[in-house]
Each structure stands twice: as structure tokens, then as C-alpha cells.
Amino acid sequence: PPRGPGRPPGPAPAAPGPPNGWARGAGVGGRGAGAGGQGAEFRRIDYVKALLENQDGDLLRRLGEKYRLRAFLFDRPDGVRSLELESDARGTVGPDPKHLAEQLTTSGQVTALGAAIDDLARRYSTANLAGLVIVSDFNQNTGPSAVRAARRLGVKVHAVGVGPVAADDVALDLQTPLVMKKDERSTLVATVRQDGLTGKTVTLRFSAQRLGGSGVSNQKSEIPNQKSEIGQRTLELTGNTQTVDLPYTPKETGRFAFTVEAEPLEEEVIGENNRARREATVHDDFLRLLFVEYEPTWEWRFIKEVFHRDKLVGRRGFRTFLRSADPKVRQTNELFLTTLSPARSEFFAHDVIFLGDMPAAALSSRFCRMTKEFVTEFGGGLVVLAGPRFGPGQLADTPLADILPVKLDPAARIRDRQPFRLQLTAEAVQYDFMRLGSDKAESDKAWSNLGPIPWYQPVERLAPLATALAVHPRDKCGDSGIDGKTPQPLVAVRQYGRGEVVYLAMDETWRLRRKYGNRYYRQFWGQMIHRLALRHALGAHKRFVVRTDRRHYQADDHVLVTVEAYDADFKPLSEDKLADKLLPRKLSAELTLPGQRRKTGGPAEANVRRLSISQLRKGVFEARIPLAVGGEHRLSVKDPITNEPVGVTFQVTVLSAERRRAVRNTALEQAVANATGGRTYDLTTAARLPDEIKLVSKTETAIEVIPLWNTWLCFVCVTVLMLGEWFGRKRVNLP
């Protein structure tokens, strides 16, 4: 708040953020001679401290003359912490630049600009806030949007950028498939970003390290292997962004860490971003699909044909329940299920369920309950295909109606008045199975190949939190079909519980084969199945799953471990089935810390900690484990049913992610200031802050409620009225 007589105290934070990272040379992170001498290195925090202490703290003094200042440091993911502006040892009133500079650190591991601004808004929502000054490199790496948070704050935000806007640097990213199949070719894609190094040549080395299989044991054979090089590429830097592909065929199963590295060039400012890492799973398993249909349809025939040939499904992975099939065929052909609701151990081993055009009478309540549980609790995928004979209204009175992306109308009937072409929505590009081909032009060509669709099944409306990916070009939702508001959804998707549900208003996608055969048809269904199936553990492995809330942590973080434990029938693991009777309602686990190098230079020794994971609720166990050292950690939890260890690995680093960036994020810096009408500065222009920040006059309104009978005016009026009556009565001789 501006200073002045009669103004109430209130904070206007000048919030110096953690300008993590290194900048070489003098000035704002540039190269060359300066205060530190030729070739001297200064951290960004050194420049910030120099700004505060320059000319005996003139900047803080001038700001302090106009405003009451508050200072904060945002180095936490959940908000800010206060700093002291004045020092008792100084002996004078006012900001003490040296005392404030001593409190500035770069030990924080995150910059959560959005969370910091939201925290300030909560703390000072009722104060007369005049403005906010942020000093940072604006390399936000966690938390909500800083721009939206700045708008919510409601005052001008002025940004002081720290660090160079450009630097000689090479940075790498790595993309790999999340799941690969043994002996099947995959592709690793390295993205190379560079600035100021055009014409230079870099050598990229790709390597793989096995982290373990589905279970991690203490046996020597299961100890993760050393990194082995799987290929290298030489690249001449010609643009700001280039990609390098490396074909790779895995020969082993398990969890792998793939790494791409480039030797730092002599001209580079920072070398920490010359390495990228990505984890992936290689398995020799297959996806398990169940197709429930009343009678053979074109969609049923072609989907069966496509996935019989799919390497991740094959003949072992596709099963169907066909209501109209001959009972003898169901008994003799392994492709057909004999019952719609088999044993739980068999039913929940599926990964994706297709539900076609089935009458309500053929859907048992047990099947509907298990399917809902399959999606909600086990993260399974469900695809509902509306057919012309019965329609999705048959599901309206079943438990499945709650999880669909649409609200069903039991009375709705097929609409086949006029053929139409489906219209993709803007959200469709966010889903890979809606992007056919290699680019937008090819995708449009593929969907155009679908041609006019003769019919569809209407619904009442889209369900809350559901997303329509394709809609009818004319018809709207509602009983009449023309309500002028929401288009009828033809393809919709919804997250429900831990799983996802896809709804198609017709079973006519086989028309994608019209000109191009299975090319786009297989891509559509293949990418959908992979999306729905690979979101969770495959097959029976989903019975006992160990998860961590993240894959990468910083030192001093806590890892949240969650174990979803079920018995052989996929029922929540009961207390009587826990292996260790000395630890009731707990699972035993081991955490293998990174090895410590022996003093004699010998191999590293693993440090193993024994842990117990407590039951949170039926079937779910949870523990929070503190992390202290950097490196790769392995957590192994014993499955009390099979007595086999099931494990997960995660990485702990002691280097802030911000130090991977050699330059500051000028785009975010400008966006935060522009969103609030503020200004942007750097360390060379920050001295203009006190002169250019203008006070904004604010009108404060206070409402005071005063009873009317307690006022002098009311008393005088009543007295005059009574005296007037008395004199009037006397004048006319009334008693």
C-alpha cells in the first residue's frame, strides 16, 4: 500500500524468486569481462544481491518511501515464505538491503510461480495491495499457471528478469513408446534444441539400462544391468530444433531406462541439459480384448480380423461372447466365451471390453456390476458401440448408464432420415485415435473417406466432464432432436474412476476401409485400444500393482507409494491373507538405495532399508517415504498371494530442474506482466522501478448501520412534533 497519513497497514510484496541456474561473465549472465574480471563466473543470485545492495540499497530505499514493503521467497511447491526486510542490528528504521540479500538462497528445488501468487492472494485478500514485483528467471517447473494466477491477484505485476535471453546451448529431449514388445521394432526419437551453435556437429549416444522385471528381487541375476550403448548418431546443427530417429528392437523384457547424451561443446554455457532419460516397459505379454455382441456385424468381423493380426493382441488376446452363436460353437471354439460373466479371475484379466448392440434382457446384472468395477477400480477400458437393432437405450436402467459419456434416452430410436458426414470437434486433435495418418491433411482425407453415414442413435445429452470428439452436423440434443443447443455426439469419451469409456453412436467405422483397406481403420482402433489398455497393468498383473506418485524426485522430497492389492479372485486383499502375521494390516517392503562407492575404489554396495506399508482402506495400502540421497531407488513389495516381489524404480536428483535452462523464460515473463498491465525489466533497467510504478487511487466504501431512533435529528423532530401538537390543541381550546 502507498505510504501516507491515515492509511491502514497492508502488504505489497516485492517477491524475489529463486533465480536458480548459472550465468557466466558479467552483466546479465553474458560473457566477457566485468566486475568479476575476465572469464569470472557469477551465479544469477549474485546479480540479484548486487542489485539490492547497489548504491547502499537505493532501489529498496526509494520503493520504501512510496510503499510499505513485504518480501517473500517462493522456493516451495505450495506457496511462499516470508523474509525479513529490516534488521535490528542496523539501528535504523527501513529496509536493510544487506539483511535481505543474506536471506536469498537457491536451495529450493522448484519454482511454482502460480502457486506463489495464489498464496499471496490468500494471505492479503483483504489488504490494500498496490502491486507485486517478481524477480526471477521465470523458468517455472511445477504448479498452476502463473498467468492465470496473476490475473486473479487483481493488481499490476511487474517482472524483473534475471539471466540471459540467449546463450550458446544444446538441449536434448527423448521420446520413446511407453510400452514395447520383445523382438518387435520400435523407434527412439531424440529432439535436439540449440541456440547460437549453427554449423557445429554433435554426436548423440543412445543407451539402455535394465531396471528390473515385473518383480524386483535381491538375487544377483535381478540386479539392474549397467548401461549399454545401443546406437549413436552424428548430427550437424542446422536449425533451432531437429529430430534424430534410432530404430531399436528390444531383446529382453522388463523396465528399461533409455538415455541419449551429447558431449558438451566448448562454447556451451550449461551442460546439464545435454542428457535426457525416459523409462519404458518391454514385455512379451499381449493385450486381452473382450467383444460382447448379439450377432455378427461388419464392425465385429473387421475388428476381430484387425486384432488377430495385431502383434500386441493376436489370436490369444481376442475373445468374444456372441449371443446368437450356436452353443456347440461356444463350447468347442476357444475364440468364444461360454458365458457373459465368467469367474472374476478370468473376467478382470481383460484389458479392454467392447460392448455392442445388446438387448437389456441379455445383460446380466453381474456382468454390468463387474464391468463397472472393471473400469472404476482396475482402470480398464470400455468401448460402447450403438447398433441399429436395440440401441444404447437398453443400458439406461443398468449400472453401466452411470459411467457412459452420454445420458441415454430409453425412448430414443434410430435416426435414418438423411445420410450425414460426421464433424470432428476442436478437442478431437487431443486424442491420438482421432488423428489418422501423419498430419492434419491426411487425417481429414481419412475421415472424408468414411463417406455419408446412413444412421445413428441419438442420446439425451452429453454427460458431465465428458468430451465430444465428433458430432452430428445438424441434429441437436433433446427429445425433439432440434433444441438449437448441443450437437448430437457421435464419438464421445469420458474418464470414470481410474478407467476410460468411449461411446460411438453407430457401428459404421468399417466404412474407413472403403478406399484404403485396413490402413486407417486399423490405426483408429489400434490407437484407441492402446490408449485404453496401456493406462494400467496388463492382464492378471493388475491384481497386485505398486505405484509411486511420480517417477522423478528431488532430494528432501517424500515419495508416496500406493499398492493396490487383490486376491486371486480380484477381491480386496483381506487381513487374513497377509503373509506377515507380525505386521497386521501391513505389507512388507524393501527400499534399495543407490550404492555407495567403497573407499578402495571397488564396486558400489547397495543399501537396503526394510519398510512396512500400512492399509489405507480395503485393497489399498499406502506409505510416504522421505528421500535424502540422489540416484536410482528401487522399491520391492512382497505379494502375499504369490510370495513374489513386485517392484518399481524411481530417480532422485539433487540438482534443480531449473538449472537445466541456460536462459530465462522471457515469454512467461512478458505474459505475466501483460496480463495485469505491469511492466518488464531486467537487472540493467530495474532502477527505474520506483519512478515508473504509478500509484493507483482506490476508493474505499464503508457502510455503517445506525438505528434511526438513536439520532439527534430524530429526537428533535419528535420533540417539535409533540410541541406543535400541544400548541395547536391549546390554540383551539382543546383539552
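**Note on the predicted model: cysteines, sheets and a helix pair**

1. A search of the whole structure finds 0 disulfides; the model is a predicted one, and the points below should be read with that in mind. Cys 714 takes part in no disulfide, and the cysteine sulfur nearest to that of Cys 714 belongs to Cys 717, 6.8 Å away. Cys 717 is likewise in no disulfide, its nearest cysteine sulfur being that of Cys 714 at 6.8 Å. A disulfide would need the two sulfur atoms within 2.5 Å.

2. Cys 717, with a relative accessibility of 46%, counts as partly exposed.

3. The model contains an open sheet of 8 strands, in the order S17-S16-S18-S19-S25-S24-S23-S21, and the pairing within this sheet is mixed. Its edges are formed by strand S17 (318-322) and strand S21 (423-424), each of which pairs on one side only.

4. Within that sheet, S16 runs parallel to S17 and is joined to S17 by 5 bridges, while 4 bridges join S16 to S18, again with the two strands running parallel.

5. Elsewhere in the 8-stranded sheet, strand S24 (residues 487-496) and strand S25 (residues 499-504) run antiparallel and are joined by 6 bridges. In this pair, Ala 492 stands opposite Tyr 503 of S25.

6. Helix H13 lies across strand S16 (289-293), strand S18 (352-355), strand S19 (381-385) and S25, and H13 runs at about 155 degrees to S25.

7. H13 (residues 518-533) also packs with helix H6 (residues 298-309), at an angle of about 80 degrees and with the axes 10 Å apart, which means that H6 is roughly perpendicular to H13. On the H6 side the contact is made by Glu 299, Phe 302, Ile 303, Glu 305, Val 306, Phe 307 and Arg 309, and on the H13 side by Asn 518, Tyr 521, Arg 522, Trp 525, Gly 526 and Ile 529. By residue class, the contact of H6 with H13 divides into 7 nonpolar, 2 polar and 4 charged residues.

8. A further open sheet is formed by 3 strands in the order S8-S10-S13, with antiparallel pairing. Strand S8 (169-175) and strand S13 (241-248) are the edge strands, each pairing on one side only, and the twist from one strand to the next averages 20 degrees. Strand S10 (residues 186-195) is joined to S13 by 8 bridges, the two running antiparallel, and in this pairing Leu 188 stands opposite Leu 246 of S13.

Key
Residues numbered from 1 in each chain as written. Predicted model: local features only at pLDDT ≥ 70, side-chain atom pairs only at ≥ 80, totals over all residues. Heavy atoms only, no water. Axes fitted to C-alpha atoms, helices over the stretch in contact; angles between N-to-C directions. Parallel < 35°, antiparallel > 145°, perpendicular 65-115°, else oblique. Contact = heavy atoms within 4.5 Å. Nonpolar A, V, L, I, M, F, W, Y, C, P; charged D, E, K, R; others polar. Pairing = 2+ DSSP bridges. Buried < 20%, exposed > 50% of the residue type's maximum accessible area, 1.4 Å probe, protein only.
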